[in-house]
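Hi everyone, thanks for making time this morning. Let me put the sequence and the model up on the screen, and then we can walk through it together.

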Amino acid sequence: MKKILMSIAFLMATATFVQAQKWADLSNEQKLMKVKEFRDESQSYLKGLGLNQDQLADIDDVNVCYLTTLDRIDRYGKDDAAKQAYAKTVTKNRSVQMDAIMGPDKRAKYQQWLSDKIKNSPLAAGLK
């Protein structure tokens, strides 16, 4: 479960790193700034795909719900196997919601953009 939470944090942070540094080395304020920067860049990309303000707000709502649900699963799950099973279900549900909001084609483009951001991140080199 912690791997999933760290993956999400990594996903949000990697897009904005301009210097090679570890997420764990950042203060909470620095992490918050990186997440905000990533969100702004992500929303700009999504606007470029043609999403409107209502869709962007819905995506934010889905992401907040997803992350808080993962946090609760991590806190209250009995063991790692149960946590993984719950997390897979929640992730599948998030995918369905994202497809409903932006459509499968735009979502595929967004996923590719995210994948490219991660691959090109200085932080990604330190995880290999």
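Let me begin with a term: a nonpolar core here is a set of buried Ala, Val, Leu, Ile, Met, Phe, Trp, Tyr and Cys residues joined through side-chain atoms within 4.5 Å. Buried means under 20% relative accessible area, exposed means over 50%, and partly exposed is in between, with a 1.4 Å probe and protein chains only.

Two notes on where this comes from. This is a predicted model, where local features need pLDDT of at least 70 and side-chain atom pairs count only at pLDDT 80 or more, while totals for chains, interfaces and linings use all residues. Residues are numbered from 1 along each chain as its sequence is written, and side-chain values use heavy atoms, with hydrogens and water left out.

Now the overall picture. The chain has 6 helices and 0 strands; helices (H or I, at least four residues) and strands (E, at least two) are DSSP runs, numbered from the N terminus. Of the 128 residues, 36% are buried.

So which residues touch the most other members of the largest nonpolar core? That core has 13 residues, and the answer is Leu-46, Leu-51, Ile-59, Met-102 and Tyr-110. Helices α2 (28-48), α3 (53-76), α4 and α5 each supply at least two of its residues. Apart from it there is another core, of 5 residues, including Leu-70, Ile-73, Ala-87 and Val-90.

Let's zoom in on Leu-51. Setting aside neighbours within four places in sequence, Leu-51 is in contact (heavy atoms within 4.5 Å) with Leu-46, Leu-56, Ile-59, Met-102 and Lys-106.

Next, a helix pair. The axes of α4 (residues 80-102) and α5 (residues 104-119) come within 7 Å and cross at roughly 115 degrees. Axes are lines fitted to C-alpha atoms, for helices over the stretch in contact, with angles from 0 to 180 degrees between N-to-C directions. That makes α4 roughly perpendicular to α5, a label that covers 65 to 115 degrees. On the α4 side we have Ser-95, Met-98, Asp-99 and Met-102, meeting Pro-104, Lys-106, Arg-107 and Tyr-110 in α5.

Finally, Tyr-45, in helix α2. Tyr-45 is partly exposed, at 25% relative accessible area. Beyond residues up to four places away in sequence, Tyr-45 touches Lys-109, Tyr-110 and Trp-113. Tyr-45 and Tyr-110 are 65 residues apart in sequence, yet 8.0 Å apart in space, C-alpha to C-alpha. Happy to take questions!

How values were computed. Angles under 35 degrees count as roughly parallel, over 145 as roughly antiparallel, 65 to 115 as roughly perpendicular and the rest as oblique.
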